[in-house]
Amino acid sequence: MAIYPDHAQEAKDLLMFADNMMYKAKMEGKNRVGLPTQEDVVEVFRQIGEKSIIVLNAIEEKNIVPYLQPIMNMHTGRADAYEVLSRLQPGDGQLIGAGEFVEMAERMGVIQKLDYIVMEKVFEKIKAEKFEGMLFLNLSPKALVVSEFLHECKRLVREYQICPERVVFELTER
């Protein structure tokens with residue numbers, strides 16, 4: 001359970017608190033309700049701070065790993081395209097999925113920097129491997145409103161000699 005405005009002002013934050021309390025109640029046994037204590041509130045904000053630091057460090061150190069998920073051609077059995085998925089790889093070697101950092105990066109106003117690093121890394125990879133298929137890149141809608149977006153895309157396509165017709169941007173649901 002999370003209560004407005006005691007625990008948060010925004011719906012997303014209230015849901016985050018309620019989700020944390022659900023897991024806490026489950027760990028304590030069945031038929032329980034979890035209400036955040038002051039310690040729980042501090043812990044949630046500590047976790048948010050830690051994630052912010054991880055995101056900023058990943059951008060600074062370019063520790064963003066593109067994963068290529070094949071899109072198979074059912075007639076030929078070959079991968080004719082790839083969806084590009086992003087992971088952060090902080091210094092401890094573990095991988096952090098996009099679901100854990102994209103929203104944070106959007107809130108912090110750095111999502112377009114993540115998008116550019118992913119594009120650069122995946123373009124470098126497909127150039128080295130001479131892949132000729134289509135690429136589907138997930139993109140935050142916020143990246144489109146940044147004035148440098150089109151310029152940066154064109155620069156990366158030129159630098160890595162990628163045919164622009166092969167790149168498809170998918171806007172995330174948010």
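This is a predicted model: local features need pLDDT of at least 70, side-chain atom pairs count only at pLDDT 80 or more; totals for chains, interfaces and linings use all residues.
Residues are numbered from 1 along each chain as its sequence is written, and side-chain values use heavy atoms, with hydrogens and water left out. Local features need pLDDT of at least 70 and side-chain atom pairs count only at pLDDT 80 or more, whereas totals for chains, interfaces and linings use all residues.

Strand E4 spans residues 134-139. It is joined to strand E2 (residues 79-88) by 4 bridges, the two running parallel; strands count as paired if DSSP finds at least two bridges between them. E4 also pairs with strand E5 (residues 167-171) in the parallel sense, over 5 bridges. Phe136 of E4 stands opposite Glu83 and also opposite Val168 in E5. The covered face of E4 carries Leu135, Leu137 and Leu139, while Met134, Phe136 and Asn138 make up the uncovered face.

A nonpolar core is defined as a set of buried Ala, Val, Leu, Ile, Met, Phe, Trp, Tyr and Cys residues joined through side-chain atoms within 4.5 Å. Here, buried denotes under 20% relative accessible area, exposed over 50% and partly exposed the range in between (1.4 Å probe, protein chains only). The largest such core contains 41 residues, of which Val55, Leu88, Leu114, Met119, Phe123 and Leu137 touch the most other members. Two or more residues are given to this core by each of H1, H2, E2, helix H3 (102-108), H4, E4 and helix H6 (149-159). H4 gives the most, with 9 residues. In soluble globular proteins, nonpolar side chains tend to be buried together. Beyond its neighbours within four places in sequence, Leu88 is in contact (heavy atoms within 4.5 Å) with residues including Ile54, Val55, Ala58, Phe101 and Leu114. Asn63 and Gln94 are also among the contacts of Leu88.

Most residues other than glycine have a negative phi, and most peptide bonds are trans. A cis peptide bond, with omega of about -5°, joins Tyr4 and Pro5; Pro5 lies in the segment before helix H1 (11-28). Lys62, in the loop between helix H2 (38-61) and strand E1 (64-72), has a positive phi near 55°. This residue, Lys62, is partly exposed, at 38% relative accessibility. Phi is likewise positive, near 55°, at Lys130, which lies in the loop between helix H4 (111-129) and E4. Lys130 is exposed, with a relative accessible area of 66%.
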